[in-house]
Structures are given as C-alpha cells and as structure tokens.
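Good morning, and thank you for coming.

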Amino acid sequence: MGFEGIGASVRRKEDVRFLSGKGNYTDDINRPGQLYAVIKRSDRPHATINNIDVAAASSAPGVVRVFVGADMAAESIGGLPCGWQIHSKDGSPMAEPPHPVLAVGKVRHVGDPVAVVIAESKQAAKNAAELIDVDYTDLPAVANLTDAVAGGAVEVHDGVAGNLCYDWVIGDKAVVDGVFANAAHVVKLDLVNNRLIPNAMEPRVALGDFDTSSGDFTLYTTSQNPHVIRLLMGAFVLHIPENKLRVVAPDVGGGFGSKIYHYAEEAIVTWAAGKVRRPVKWTADRSESFMSDAHGRDHVSTAEMALDAEGHFLGLRITTLANMGAYLSTFAPAVPTYLYATLLAGVYKTPVIYCNVKAVFTNTVPVDAYRGAGRPEATFLLERLVDVIAHDTGIDRVELRRKNFIPADAFPYQTPVALQYDSGDYQTTLRVALANADWNGFEARRTAAKDRGKLRGIGISTYLEACGIAPSAVVGSLGARAGLYEVAEIRVHPTGSVTVFTGTHSHGQGHETTLAQLVVSQLGVPFDQVEVVHGDTAKIPFGMGTYGSRSLAVGGSAMVKAMDKVIAKGKKIAAHLMEAAVEDIEFKDNVFSVAGTDKSKTLTDISLAAYVPHNYPIEELEPGLDETAFYDPKNFTFPGGCHIAEIEIDPDTGVVEMVNFTAVDDVGRVVNPMIVEGQVQGGVAQGIGQALLESAIYDPSGQLLSGSFMDYTMPRANDIPNMSVATENTMCTHNPLGSKGCGEVGAIGSPPAVINAVVDALKDYGVRHLDMPATGAKLWSIIQAATPRMAAE
Amino acid sequence: MPQVTLTVNGKQHTVEVEGRTLLVELLREKLGLTGTHVGCDTSQCGACVVHVDGISVKSCTQLALQADGTDVITIEGLAEADGTLHPMQEMFREHHALQCGFCTPGMVMTAIDLVQSHPGGLSEKEIREGLEGNLCRCTGYHNIVKAIAAAHPLMHAKAAE
C-alpha cells in the first residue's frame, strides 16, 4: 500500500460500488406498501385557475388520493421559503411573493405543479393525471428579461410593479461616473449570459415515508444538503419539528447546484405520506426535470470600462438584468448580487466599480445557482470586455491583462466590491498556461489551418472566483437567512478505526476518498480503516451541504478541527497511561510518545483505553474518543487561474471544433490530484457546453422550446477535446488545510476563453462580440453575411 | 398478463409483464437490478444500456416482451463471482472515469460493446464517436476515453487466453 494521505491520487473508495451497479440512488429505494405520485403540471405559462376537476382521476383504477393546492392551503401548509433576502438601493426589502407548493389561483410557468395523484403504480397515477381537468383562463405572459421590464408588461405577481424583485447597487455611482468623465478611453459592451438547464444525469426523486407507530417522517431525496432541506421543509412548509423528520440523501447522481434547493415535490411526498399513511415516491421524467429543476444564468448586461491612455483600467460601470423566473428559488436572490457583482474586480486592480442589478420575475422556471453561480456571469462579462478593449484599443490581449493584474505581492488585497482576496499569483498561472498551450506557436497553426480551409482561433481567460462558502456573519449581513459553517464528527472506534460524519454531501466529488485522506494524514489511520458517512440527518450532527466548492475548504477544515480535539484528548489519556506530563506528549503518524524517551502508545492503545477505561483519568476526562467540530470560515477562498481555448471553424458549416483546451488553476492545497483534475475537466466541459451548445429557449409566449434532450444540446464526447489540466497553487491563508476549492473553476474560466477564441477566429469577418452559444447556424450566418463584403473589399 | 422468459446475468427468469412494460422496468422493478439507470425519456442519455444477446441496447427503448428468449447482461453481471472486476470496470476505476456514477453502468456496457466490435483497435476519435449515445455530465469524457483506450488491449488479451 503506497502513500494514501494528502497529495496522493488514491483511487476512489466509492468506485467499486458504482461500477458494479451497487450504488444506492434514491430511485433504487423502495419502501413496503409504497405508492407512486405523479404531478399534474401546468402546460400554460400564465393563467388563472378557474376550477380543477379531479373527480374522474380520483375514481380511476389504482388511485388512492388526488390533492390540489387548496388541500394544502386548508392545512396551513406554507409556501416554499427563500433563503436569502436582498434589499434594494432605497433600503426596501426585495419583493418576495408566495411560492405555493401546489399552485393556488394562478399558474406562473409551464411546469408549475397543479395537482398530485397518489396511486398504487406509477402507470395508474400517470393515467389518472391525464383525467384531471383544469379550467384555465390564459393570461398574457412574459418570458424574457427585456419584455418583463418594458412598460405595460403583464405582472407575473399581482402588485409586484414592473416585475421587479429588487433594484440593488454596489459601489458609488457618482465617483465612478466622475472617473468615466475624465477617462482617455471608454469601451462599452452589451452582452447576454445564456440561460442553462443543469441536467444532472440523475433526475430528481423524492420518497416520503411515515411511520404510523412513532409519527416520524422520513424523506429520501436527491439533495446536495439534507439538513438544509429538513430545516426549510420542517420549519417553514410542513411544520414538522426536526426530531420527527429525517432527511436522507443517499448516492446522488450529480447536482451542479440544481439539487441544493428545497423543491415542491419533497414537501408533496412527505405531506402526502402522512395523509395516506403509506410511503409515496415521485420520480421525475427527464421532460419534467427540464420544466421543474431550477435553471441557471440568464443575465442581460451592459458593461463599460474607463481606461487611461496606456490601457490601465480606471473604473468599471455595469448594469445587469437578472432573471429570477416565476418564483424565488432558495438561493436565487444571492446569485446576481453577492456571488456576481462582488466578483467584478476579477484578477484586476480596477480601483472603482459600480454595478446595478435589477432582478426580474418572468413566466419561466425559477433560476438559481448552477455550477459557479454568479461567478461565471461575472467572468464572462469581464473577460469578454477585456478582449473587446484589446480589440478597440489595439493593445495586445495578454499584455492588457498583465498590466492590470493585481500583483502577487499585493495580498491580502481589498477590492472595491467588498471582497478581500487572501492569496493568488495571476502572472504565474498566465505564464504557465501560455507555455502549456504553446501560445507563441499559434500563428503558425492558424496559417496551417487556413491552408486546410479552416478558421482557427485562440482565446484566453484569466479568472478569479470566490468559494469556500462562507463566513456566517458576513453572509448574514448580506441577507443570508442561515449560517454557512460546516460540521464534522470524528469517531475513533475502540480498536482504532475511524468513522467520519460530515455535513457535506458527495454527489460525484469523491468525498468518501478525499475526506478519508485527511484522516490518513492527520491521525495516521490506514485509508481502508476510515469510513466517511454523509447524507443522513439521523446520523450526522448537522451540516450545510455541498455547493460553492465548500466541502474541503469548510467541511475539511471542520474535520481538521475535530481531529485536533481527538489528538488533544488522546494526549491527556496518553499522559496518564505513560505517567508523563501532557505537555511532553507528542503525536505523529498514529503514535503518542513522551518527548525524549522511547515510551509510546498507538492511537489504538489510546482509543481502547478510552472505551475500556479501567486505567483512565476518569476524574478529569469522560470516556470515549468521539469529537465534533463546527467550523465557520474566516473568509471566502479565491481560486483563480488561466484558461486557453483553441478552436477551428469550418466556414462551410459554421461548426466549431474544439481543438485544444488548457487550464492552469490555483486551487490551493490539493488533497487528491486525480480528483481535482476530474473536477476541472468536468467543469470545463460544462463551460464548453454553455459557450457552444447549450441554451434554454422560451418562445415569446413562455413555452419552453428546449424541453428535452432532443432539443437541448448536451455536450457529447465528440464535442469535448482532450484537455491539458494543471495547477499552480498558492495556499489559502485562513483555513487549516490551505485548500481553496476546485468544483466550479472549470465552468467559470472556460466560457469566455472559448468565445474569445471564436471571435479571434472570425477577426477578419468584423466580429467584435458574440453571445453564447456560438452555434454552427449562428457562425455560418455571420460568415455568409460578411463574405460578399469581404470579396468586394 | 403475458409472460416473458429471459436469462439475466446467467439466471433464467419468467415474469409477468404488461404489454407496455419496458425492458428497463422489468430489470429495475421486477428483478430488482437497480444498477441499470433511467436518465431520460427520449432515448438520448444511454444510462440504461445493457447487453441483449451480446449487443448493447438502450433498455428504455425496448419492450420487455421483445426480450423474450434472450440472454441479457447488466452491469451487475460483469464482475467475476469472486468480485474481480471486468477489465473495463477496472480501467474506469484506474482512470477516474466516473464521478457521480449515474451514467457509469450504461457507459461501461456501451464501452464493452465498442471494444468487442473493434478487435483491431480503437482510435480516440472512434471512441468519442462510439459514445454518441451516452451522456455524462460530470467527467467531461476525458477520462472515459482514456479508460476505454486502456481497456481495449486488456479485453482482447483476455479474450485470446
């Protein structure tokens, strides 16, 4: 057995289970006497519900019960809560309209749940749902941002004027306007960040169970954060106290943010299980996922940079419209504010920044955090703007970045938009990426491609993000309604093996491996004697779950803190057993020793003494060796780096081929390099998807046109290139591991790199900017439109 | 209800099914073989791929009745009785070709058919094109391609034994 601690590419503990078909995903769980729920969803974008006739459905074969919104309202079931409150620039709280679990009075997007059929089989429930007759009066609908804020637009929620959720600002407008008034150059760019549908491969599932003897509820659900679901659903929706509600999130097949939120179906099956006193399972069809999973992105922005004559950034001024969809999802209001506008300094020493964000309701599926959440939007805006500045001023795009970077000796660095970066070295990640991508050799490759009839381009993005979410006091002051610490329990068993109970949740990240490696390094326990338990509120003290690349930086830090407590107690026990002073006990590689002597005890000797305390300092110490720690981070962490995309366009079809992709990221301390590379590769693929393929399309009436895998272009193996992934790390200075996080960097840094490459390939066609996705049809049209003009010149 | 008789992972079953029951429903719900997954409803994602008479098939796109008399292998039937993994499973593990594991069973079954049907070797491009019918949202495919390339010589060496 080789080295299996921090820094080793240990093969994953979870893989044999997944590779043998022995994973335990929510839909694999079945409870005795289980019924099936099928949800009748609105096919209208916006309509008044006049009547719901459930008579035929209720008497259909196999049907146990049919519930509608009025049934839940009659029992004072609450609406789905929002976890974050933003205040507008005038100090008023955001508009926070009710979000009923089952629609009451109106439906506001295609997919809005209207009724639920509970039946003996899924087929019976499906058949009966077809028999529900909903009498609607259609209302005008708004699907896109500009329509929703136009004068006279229909109100998605009665009384929410102009569909405005909030009108928020950061920065001093007068100061920034003053800088612009005196600038040598001003460069302006209008851009759209396209709406995405996360599409984790496992559709959402919820299984509610009710124990008729104890009155306890259990919800099995595809969640990234079971404790948060227990808190939100128990306290705000169903009024079930924590001691009577268990939430289990077993193996979960990908999340990317979309499985953070508390969804209607979780409340429906839990409540219905109590009503019918039998387990109730709901499994989403993929088509249902498209219209009920929270979507991502969807910004329309105008960005302006003020520059001096040499190209130094003097000030940044931005206005953004952000789509909230029809209701506020759990984290939604935070995404375009504290996860977006606070990132607008990026890696640059821009001295003043002003950003105004208007969050807008539309008749679309709610929008919330999707891999990167706000940071991809900020990065796309900044890195496109920088390339456009280079285009407009003639300054080389790499030199422009270099001269505006925050220097490596400037940390800690206070940005003008609230964040204080702790560490980073952007010149180094840039230099290594340029070398790895053979940037200097590119023009020869462009020429060779031209000889083959192809348009070749190269694009760069130097990005930064904030993750390791988040210091509770800071986010509390910004509107969060929860703390964002993490929890770990380290249970050293009597014979020295260890179980870790973590409040983070693994849905592909490999925590069962990575977190075990921390125990190998800190306690010297062999890898195969460490078990990581996650995803069950009945087993784990508490936890905020996994999102915002927080599992290692925050959850791992909680583990280190708990292991420090184990070591501290172990030293006291060791001191007693070896008749030495506690101060003289040293701990290293599983062994407690008395300094300067050959006396020692293993961790197993100590744990055995702790659980069999025959010779034990019982007056001073409790038996047992089981420690819990809550860790609240002191700051966000700030991964960053450089991504370079190289592409070729076939001018006859407009289709982009990804030729090369190079990533050099700074993610802080790396625990398992193999897993980090995998996380970056996966994130980059999602970024390439956003840049070239993916887009959620609503028609003007509010119908979702891209509502299946037939219509929504997911990246396939042939769309993604081989990637060169490397790290050049500086350590996080404020957590005990030095880790920053790697889950989102790929999706944050890559989209502008790809679009910058496409624009570079089309530079002879007069292209200054392109919005995503850069589809073949879009590029073909640009090439066709420009070709006669070019021929004439 | 009609009956279907088929062999799954070497064991014969006779099961009553509805006419509309899909092969994947038979496997997951009637036989409890939940390793085969359902990730979509349009036959795009490939999470449900199994082998029917040695050929990879999307089990969401075949009726259970169509499988009457066939020999079906699912992800649960790949490893040897002592738990030794199939070379494709082993290479997926070695090359970190899976993250959440949800697409993995279908991906592995497709990959095995791809390797078996290309005894002379597989280029990277052929592997990527061969995965056209399988979606993965986690890995970016990079390590899946590596794993399949690495499994190719192992599988053909083993077949030659």
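Let me begin with a term: two strands are said to pair if DSSP finds at least two bridges between them. Please also keep in mind that this is a predicted model.

With that term in hand, consider chain A. Seven strands form an open sheet there, in the order β3-β5-β1-β12-β9-β10-β11, and the pairing is mixed. Which strands are the edge strands? They are β3, residues 63-68, and β11, residues 245-248, of chain A, each of which pairs on one side only. From one strand to the next, the twist averages 20°.

Let us look at one pair within this sheet. In chain A, β1, residues 35-41, and β12, residues 280-283, pair in the parallel sense over two bridges. Here A:Y36 stands opposite A:K281 of β12(A).

Helices accompany the sheet. In chain A, helix α4, residues 122-131, lies across β1, β3 and β5, and runs at about 25° to β1(A). Helix α8 of chain A, residues 264-276, packs on the sheet as well, touching β1, β3, β5, β9, β10 and β12 of chain A. The direction of α8 makes about 25° with that of β9(A).

I turn now to the second chain. Between the two chains, 42 residues of chain A are in contact with 44 residues of chain B. On the chain A side, α1, α9 and α18 each supply at least two residues, and α18(A) gives the largest share, seven residues. What kinds of residue make up this side of chain A? There are 18 nonpolar, 15 polar and nine charged residues.

Thank you for your attention.

Methods
Residues numbered from 1 in each chain as written. Chains lettered and ligands numbered in written order. Predicted model: local features only at pLDDT ≥ 70, side-chain atom pairs only at ≥ 80, totals over all residues. Helix = DSSP H or I, 4+ residues; strand = E, 2+ residues; numbered from the N terminus. Axes fitted to C-alpha atoms, helices over the stretch in contact; angles between N-to-C directions. Contact = placed C-beta atoms within 7 Å. Nonpolar A, V, L, I, M, F, W, Y, C, P; charged D, E, K, R; others polar.
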